[in-house]
Amino acid sequence: MKALLHRHRELCERAVDPLEIAVGLEAHGVTDRTAARYRHRDVFSLAEELHARVPHNTERPSPEPRPLPAPRVGVGWLLLTLLPGALGAATVTGLRLVQGTPRLLVALGGLLTVALATRAALRHSPLAGPPGTRAGRTVSGARAGHTVPDARAGRTTTTTIGARVGALWTLWLLGYALLGDGLLHAVLTGGPDAPPTGAAEGTWPTATAPALALLLACAPAAWCAHLIAAGAHRGLTGSRTLRQFTAAVTPLLLGAYALFLAVLAALVALCGTALHQPAAYPQALTLGALLLPARLLTARHHRRGPARALGAAVLVEALALALPAAGRLPGCAFLAVPVQTLVDAGGEAAVPVLACGIAALALLRHAGRTLTRASAHAPTGAPE
């Protein structure tokens with residue numbers, strides 16, 4: 001106990017009450033299991049003892065604290081989150097109206113503008129995470145006016161690399177949703193003999209409907225992130241223990257997740273009807289179920305888990321394309337057997353559904369443990 005007290009003395013001296021210490025300990029990775037080693041039932045009980053043991057610093061008053069800002073609905077981020085879907089719809093319309101060389105220019109221009117709009121939406125909306133101080137400084141605690149040290153100071157370079165890797169894997173998964181099933185079908189049937197034409201038929205069909213639905217889903221994803229942030233703010237200002245906060249946020253997180261999937265299913269149906277293409281519900285829903293918790297965790301500065309989950313899904317999809325191609329080599333036909341067996345059982349859609357579905361379940365479990373902690377919702381720095 002003396003070692004723990006020495007390690008967190010500054011936090012304990014400046015704390016207003018035990019809850020502030022509890023959030024600080026949680027941010028440093030102290031769990032109920034750790035508290036049990038000190039003969040306490042949970043982190044809050046341990047924080048109460050630390051608060052009682054440490055004399056508080058009253059000689060030098062701290063600066064007047066500012067309350068944790070409540071999330072607000074802004075017109076700016078509302079419009080930004082609608083922009084990727086609008087530009088995606090414009091690109092699809094343009095591809096249907098033009099032929100020849102202009103069609104390629106429209107496709108390239110559309111991809112560039114959609115990528116830039118998506119990047120802006122992710123950086124300037126609730127999907128970007130809470131505003132706060134830079135890593136290495138103090139962060140707001142469980143109640144208005146509380147501060148706790150940032151446990152992730154000094155990790156800026158590592159987390160930035162993780163964010164870029166996660167973005168790269170996300171681009172692959174979105175590209176596979178658009179072109180992957182058609183490419184896999186072409187590889188298994190001896191192709192591809194020609195590049196994709198952007199149509200839903202041919203030797204390399206393009207799944208435009210689910211890709212467009214995922215772009216349109218950027219807006220409901222931001223709304224769900226806003227609902228979670230607003231509920232977490234109410235929990236931070238109203239909870240008296242860490243368990244109370246977890247109990248309040250857990251159903252909110254699961255409810256927002258279910259709401260997003262319901263809206264995404266409606267968007268997939270709408271896009272399929274408008275474009276006269278198969279809706280591809282399994283592919284779109286499993287990918288959306290993976291991307292939402294990945295973004296929520298990334299926005300809260302937990303990038304390692306999302307990068308691993310996205311990377312695992314990418315690896316499965318890449319192997320599904322590479323193994324049949326390698327099976328064409330003399331004596332290597334056995335390499336294509338696993339993929340061919342899977343496709344025979346569930347069609348080309350079985351590959352992304354299996355890859356994204358398993359990764360989504362693992363990441364949702366991780367998000368359920370991570371995003372229900374009070375320290376996960378204390379501002380930790382500007383989005384990277």
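How many cavities of 30 Å³ or more does the structure hold? The structure holds four of them. The points below start from the model itself and then return to the cavities.

1. Model and confidence. This is a predicted model. The mean pLDDT of the protein chain is 76, and 65% of its residues reach 70 or more. Over residues 132-156, pLDDT stays under 50, and the model has 75 contacts beyond four places in sequence for this stretch. Where pLDDT is low, the predicted coordinates should not be read in detail.

2. Overall make-up. The protein chain contains 15 helices and two strands. Of its 384 residues, 45% are buried. Among contacts in the protein chain with a separation of 6 or more, 76% join residues 24 or more positions apart.

3. Largest cavity. Its volume is about 80 Å³. The lining consists of Pro-126, Ala-225, Ile-228, Ala-229, Leu-296, Ala-299, Arg-300, Leu-371 and His-377. Two elements give two or more residues to this lining, helix H10 (218-238) and helix H12 (281-299). H10 supplies the largest share, three residues. By class, the lining residues divide into seven nonpolar, one polar and one charged.

4. Helix H12. This helix has 19 residues and reaches 27 Å from its first C-alpha to its last, close to the 27 Å expected at 1.5 Å a residue. H12 is mostly covered, with 15 of its 19 residues buried. Just after H12, His-301 takes a positive phi of about 65°.

5. Most residues other than glycine have a negative phi, and most peptide bonds are trans. Against that background, two residues in the loop between H11 and H12 deserve a check: His-276 and Ala-280. His-276 is not a glycine, yet has a positive phi of about 55°. Phi of Ala-280 is likewise positive, near 55°.

6. Leu-252 in helix H11. Leu-252 belongs to H11, which runs over residues 242-275. Its relative accessible area is 23%, so Leu-252 is partly exposed, falling between the 20% and 50% cut-offs. Leaving aside neighbours within four places in sequence, Leu-252 is in contact with Leu-227, Ile-228, Gly-231 and Ala-232. Leu-227 is 25 residues away along the chain, and its C-alpha atom is separated from that of Leu-252 by 8.0 Å. Another of these contact partners, Ile-228, is also listed in the lining of the largest cavity.

7. An α-helix has 3.6 residues a turn, so residues three or four places apart point the same way.

How values were computed
Residues are numbered from 1 along each chain as its sequence is written. This is a predicted model: local features need pLDDT of at least 70, side-chain atom pairs count only at pLDDT 80 or more; totals for chains, interfaces and linings use all residues. Side-chain values use heavy atoms; hydrogens and water are left out. On a 1 Å grid over the protein atoms alone, a cavity is a set of points where a 1.4 Å probe fits but cannot get out, and a pocket is an open set with protein on both sides within 12 Å along at least five of seven lines; lining residues have an atom within 4 Å of a point. Grid points are joined across faces, edges and corners, and a volume is the space filled by probe spheres set on the points. Helices (H or I, at least four residues) and strands (E, at least two) are DSSP runs, numbered from the N terminus. Ala, Val, Leu, Ile, Met, Phe, Trp, Tyr, Cys and Pro count as nonpolar, Asp, Glu, Lys and Arg as charged, and the others, Gly among them, as polar. pLDDT is the predictor's confidence in each residue, from 0 to 100. Contact means heavy atoms within 4.5 Å. The expected span of a helix is 1.5 Å times one less than its number of residues. Buried means under 20% relative accessible area, exposed over 50%, partly exposed in between (1.4 Å probe, protein chains only).
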